[in-house]
Amino acid sequence: MNLSIREAFGKELVKLGKKNKKIVAVSCDLKDACKLSFFFEKFPKRSFEVGIAEANAVGIAAGLSMSGFRPFLASFASFITGKNVEIRTSVSYNKCGVVIVGTHGGLIGPDGATQSSVQDIAVMRSLPYFEIIQPSSPLETKQVVNYSAASKKPIYLRIARNDVTEFLPKNYKFKIGFPSLIKKGKKNLVISSGPTLSNCVTAVNKIGKNVGILNFSSIKPVNEKHIIKTLKNYTNIITVEDHSIIGGVGSIIAEIIAKNRLMKKLKIHGIKDDFVDSDTPSSLEKHYKLDPLSLEKIFKVFFKI
Amino acid sequence: MTDNNAKLCCRNIRKKILFSIYHARSGHIGPSLSVVELIYLILKLGVNFKKKDRNKFILSKGHAAPAFYAVLDELNLLKKNELKSLRKINSRLQGHPDKKKLNLVDTGSGALGQGLSISIGYTLGSRLLNTKNKIFCLLGDGEIQEGQIWEAAMYIGAHNLKNIITFIDGNKFQNERSIDETLPEKNLINKWKSFGFQTISIDGHSIPSIEKIIKLFLKNKYKKPLLVYCNTIKGKGVSFMENNNKYHSVKDLSEEYYKKAILELN
């Protein structure tokens, strides 16, 4: 069954809201698009519509958190993570437990560059205490929302709007800091998260057995020892992301490789230092070479298969 | 509270501000001296730090941290000699308030414009918990140039959030120059009125005026969210610092001038 990741997020939050009365929701006139509307309908008293005022929303969420609540503040990733100084001072500096949910990361479609966030991970990574998670499938999204609701830390959730067919096994377990190998390979490894991971899986399935896949949904923190151990069996590594190649998953892997002097061949594949254009999501995927077919070609060349 | 007693306390607080900034060798003197009476009375009358679930004080103009710390010291809420540690590594008294280090701080601040939104969050939280806490928010008159203040004002007015009281420290100056030279405030009071606030203008150094408003606010006597515009003097209490923006943020206050200032306050 296809379920968009944002829908899985919205539905799971309602489930959790029934048990956990500390969960509250804050919206900036985008609750329908972010699927926070499910929570608003079910728990109107614990839901706050701030209007088109993201800075105010960040402060309100921080105040709610410091009053003992667990706010989920959702908006388009590009808009909400653009409020850097507000998140930095009101949330991060106070080390308060706001969950910022950024939807519409990556290649979102005809609305174009202003609404498509391809810088949010880079921006959020540098903020102290923040954890960053980008779930890759509906199943993982549910687990990540559970984790986020129970935690007291500031968290940035990058929630895709894409429909993703479930590809993770039923016994899959998300663990913060420990990206998991969802397919073992020999020498060759693909690292990705979010909706692009499912495209990577399709591409790898066409190529064959000797390519491994690492689900990098836990973007920050990363247990370095775990990554070093995982990378040990691989020589050729490619990171794939619907995000700028500056400051995203590729950068994280490059840092670990350089810091630990690992002898690896690394390719960082993502959005070049630019904004993305308008078009249908599938045309955009092809244009930026993030669709399964383009990925298959890129993998074949890089892995020399 | 007797007026004379409060006056004496405020004089002590001013001396403590200068003492801590003199030892730190830097800090915002002018905008700290302008808010002494306000912070002292807010904390003395409105915030009981010993209670677990209590009213909150949001110092949105975080650069007035030395005034906040000096008031805490005057109320015996700091450690002995702690004021000397202002702006130092591992001190609870960071250059701008840090909630992680000092748990009497209700929000960290320093990047301007954010405190009023935090106040909303606190009051919404209190409403859900049914605790009816009061939130005291102190803004600078330069600070209200930040757009977020007006996002928050719009929200407070729209939802008639009467448990927040907003004070503006109207000292007429900002970082570089006067407000008038930077961005004149046209019809400031009417702006707040139009957002749904009841507005009052007072002398921000008048103990009886501030005391009266705080007491009425605590008794829920105001029917709308309250904006108190406080006419204050930047650098208040030391003649050569008053209305002298050289003392907005001071580096290395000399011993001579420090002693001169203390002498005036004595």
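**Close-up views of a predicted two-chain model**

**View 1. Buried residues of helix α9 in chain B.** In α9(B), the buried residues are B:I207, B:I210, B:I213, B:I214 and B:F217.

**View 2. The length and surroundings of helix α9 in chain B.** Helix α9 of chain B runs over residues 207–218 and has 12 residues. From its first C-alpha to its last the helix reaches 16 Å, close to the 16 Å expected at 1.5 Å a residue. Which elements of chain B cover the buried residues of α9(B)? Among them are the helices α1 (3–24) and α3 (36–46) of chain B. The cover also includes the strands β4 (164–170), β5 (198–203) and β6 (226–231) of chain B. After α9(B) comes B:N220, which has a positive phi, near 55 degrees.

**View 3. The contact between chain B and chain A.** Here 23 residues of chain B are in contact with 23 residues of chain A. On the side of chain B that touches chain A, α5 (115–129) and α6 (147–158) of chain B each supply at least two residues. Helix α5(B) gives the largest share of that side, 11 residues. How do the residues of the side of chain B that touches chain A divide into nonpolar, polar and charged? There are 9 nonpolar, 11 polar and 3 charged residues on this side of chain B.

**View 4. The two domains of chain A.** The domain assignment divides chain A into domain 1 (2–165) and domain 2 (180–303). Taken over C-alpha atoms, the centres of domain 1 and domain 2 of chain A are separated by 25 Å. Domain 1 of chain A brings 30 residues to the contact, and domain 2 of chain A brings 29 residues. On the side of domain 1 that touches domain 2, α7 (120–125), β6 (131–133) and β8 (163–165) of chain A each supply at least two residues. By class, this side of domain 1 of chain A holds 14 nonpolar, 11 polar and 5 charged residues.

**View 5. Confidence of the prediction.** Chain B has a mean pLDDT of 97, and 100% of its residues reach 70 or more. The model scores ipTM 0.97 and pTM 0.97.

How values were computed: Residues numbered from 1 in each chain as written. Chains lettered and ligands numbered in written order. Predicted model: local features only at pLDDT ≥ 70, side-chain atom pairs only at ≥ 80, totals over all residues. Contact = placed C-beta atoms within 7 Å. Helix = DSSP H or I, 4+ residues; strand = E, 2+ residues; numbered from the N terminus. Nonpolar A, V, L, I, M, F, W, Y, C, P; charged D, E, K, R; others polar. Domains from an automatic or database assignment. Expected span 1.5 Å × (residues − 1). Buried ≥ 20, exposed ≤ 12 C-beta atoms within 10 Å, placed from the backbone. pLDDT = per-residue confidence, 0-100.
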